[in-house]
Protein chains: 2
Amino acid sequence: MKKAVVLLSGGLDSATVMAMAQADGYEIYAISFHYGQRHSMELDCAIEQAKGRAKEHKMVDIDLGSFGGSALTADINVPKHDHIDELTPSIPVTYVPARNTVFLSYALAWAEVLDASDIFIGVNALDYSGYPDCRPEFIEAYERMANLATVAGIEGRNLKIHAPLIEMTKAEIIHQGLALGVDYAKTTSCYDPAPNGYSCGHCDSCLLRLKGFKDAGEKDPHPYIEN
Amino acid sequence: MKKAVVLLSGGLDSATVMAMAQADGYEIYAISFHYGQRHSMELDCAIEQAKGRAKEHKMVDIDLGSFGGSALTADINVPKHDHIDELTPSIPVTYVPARNTVFLSYALAWAEVLDASDIFIGVNALDYSGYPDCRPEFIEAYERMANLATVAGIEGRNLKIHAPLIEMTKAEIIHQGLALGVDYAKTTSCYDPAPNGYSCGHCDSCLLRLKGFKDAGEKDPHPYIEN
């Protein structure tokens, strides 16, 4: 059975990607990161998602928070909005510097030890257009670098970075995940959840998620503060 | 003053690179990693090297050891040889999967927060010809990827990965470092040092270092077990 390393955040996108990789016949090696996020709910969700789908789930502590520079890891307020039209197209303060580069690099290290040639990541260029490391050209450049960085590349095995959601709308992602049995109640996207685990409903990520469910004609099973 | 992030291992090469970056007029932000090495002497050396040269020295704990797969981080014996001619051209067991990719990714994250456009790494393609991530084509591909991964790249600032030692012989590196006042007594290259800090003199890295000093016509000031 071919092995795949899957970056699993506990969010809607990565849960869907893991289900897609499993449906493609891969044996799943899921990897999640505690990277100085201000809340740990997404890691609880990652653990729930990995159950029954992943052969192994590795949780790695990394130290990006010590660099600062993002509302997700430092003491900067997460912006809240009443409506999705208020989202600006510039780099959001929630951008964590080089985050996907660091995450993929750990996945690459693990893939090399596992002798896996496939890495899956749930980046999306439409929803996260302000994040440089969610663009197709980044994924392509990473894949090219990865093939030069590793023994697999030297030996002619082709390392592939799969980003199957990259051009999908949130509604398409949700339809895909529901068809594959993803339990979205056990995923979270909120940048600033309440202590009881309820999502705020007003950060960029909540607004994108709620619009996705609305466009998909489905109800988000995850609890929100004002639901 | 322009800022540079310098990967500093505590070895001979990275100490030399830091001195070269300083001589080029950069303000130095050194970064070292505790990545599950079986000994910590190289980090002690990194701290000594950073004194007086680095504006800031960040020590980051990373979890590569949990992936296994290398004699430097797992319970695999470090090979010992009587003579440098015994070194084989294949991938050595001391290769740590994706190590330089992971290290550069942390450097990239820090560079982005610091607004630095320059990262220095002491890779060398001659001595470490068995390591895929010490080759010029890897460094070029990493730089290209880094410019797509970051806000700096989007905004048209050019991120540069400097690998000034990549085509130098060990003897040339030593001459360069001595000219810049590097104290090589406070660097270590040994993969398997004795508890008192003495180098073994017989691992691949010690043999390459000793040959470098011999070729340079200099005496290695670092203590060896059998000296």
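Modeller: β1(B) and strand β4 (residues 118-120) of chain B pair in the parallel sense, over three bridges. In β4(B), the bridge partner of Val6(B) is Phe120(B). Two strands count as paired if DSSP finds at least two bridges between them. Strands (E, at least two residues) and helices (H or I, at least four) are DSSP runs, numbered from the N terminus.

Biologist: Before we go on, what kind of model is this, and how are residues and chains labelled?

Modeller: This is a predicted model: local features need pLDDT of at least 70 and side-chain atom pairs count only at pLDDT 80 or more, while totals for chains, interfaces and linings use all residues. Residues are numbered from 1 along each chain as its sequence is written, and chains are lettered from A and ligands numbered from 1 in the order in which they are written.

Biologist: Is strand β1 of chain B buried or exposed?

Modeller: The general idea is to count neighbours: a residue is buried if 20 or more other C-beta atoms lie within 10 Å of its own, exposed if 12 or fewer, and partly exposed in between, with C-beta atoms placed from the backbone. Four of the five residues of strand β1 (residues 3-7) of chain B are buried, so this strand is largely enclosed by the rest of the structure.

Biologist: What is the strand order of the whole sheet in chain B?

Modeller: Chain B has an open sheet of five strands in the order β3-β2-β1-β4-β5, with parallel pairing. At its edges stand β3 and β5 (160-162) of chain B, each with a single partner strand, so one side of each has no neighbour in the sheet. Direction ignored, neighbouring strands are turned by 25 degrees against each other on average.

Biologist: And which helices pack on that sheet?

Modeller: One of them is α1(B), which touches β1, β2 and β4 of chain B and whose direction makes about 170 degrees with that of β1(B). Another is α3(B), touching β1, β2, β3, β4 and β5 of chain B, at about 160 degrees to β1(B). Here a contact means C-beta atoms, placed from the backbone, within 7 Å. Angles run from 0 to 180 degrees between N-to-C directions, and axes are lines fitted to C-alpha atoms, for helices over the stretch in contact.

Biologist: Could we zoom in on a single residue?

Modeller: Let's take Asp118(B), which is found in strand β4 of chain B. In β5(B), its bridge partner is Lys160(B). Asp118(B) is partly exposed, with 19 other C-beta atoms within 10 Å. Leaving out residues up to four places away in sequence, Asp118(B) touches Lys2(B), Ala4(B), Tyr26(B), Lys160(B) and His162(B).

Biologist: How many residues of chain B are in contact with chain A?

Modeller: 35 residues of chain B are in contact with 35 residues of chain A. The elements of chain B that give two or more residues to this side are β3 (54-61), α3 (99-114), α4 (136-149) and α5 (151-154). α3(B) gives the most, with nine residues. The residues on this side divide into 22 nonpolar, six polar and seven charged. Ala, Val, Leu, Ile, Met, Phe, Trp, Tyr, Cys and Pro count as nonpolar, Asp, Glu, Lys and Arg as charged, and the others, Gly among them, as polar.

Biologist: How are the two copies related?

Modeller: Two copies of a chain are related by a rotation about an axis and a shift along it. Chain B can be laid on chain A with an RMSD of 0.0 Å by a turn of 180 degrees and a shift of 0.0 Å along the axis. The two copies are thus related as by a two-fold rotation axis. The superposition is by least squares on the C-alpha atoms of residues with pLDDT of at least 70 in both. The same surface serves both copies: 100% of the contact residues of chain B recur in chain A.

Notes:
Two residues are in contact if their C-beta atoms, placed from the backbone, lie within 7 Å.
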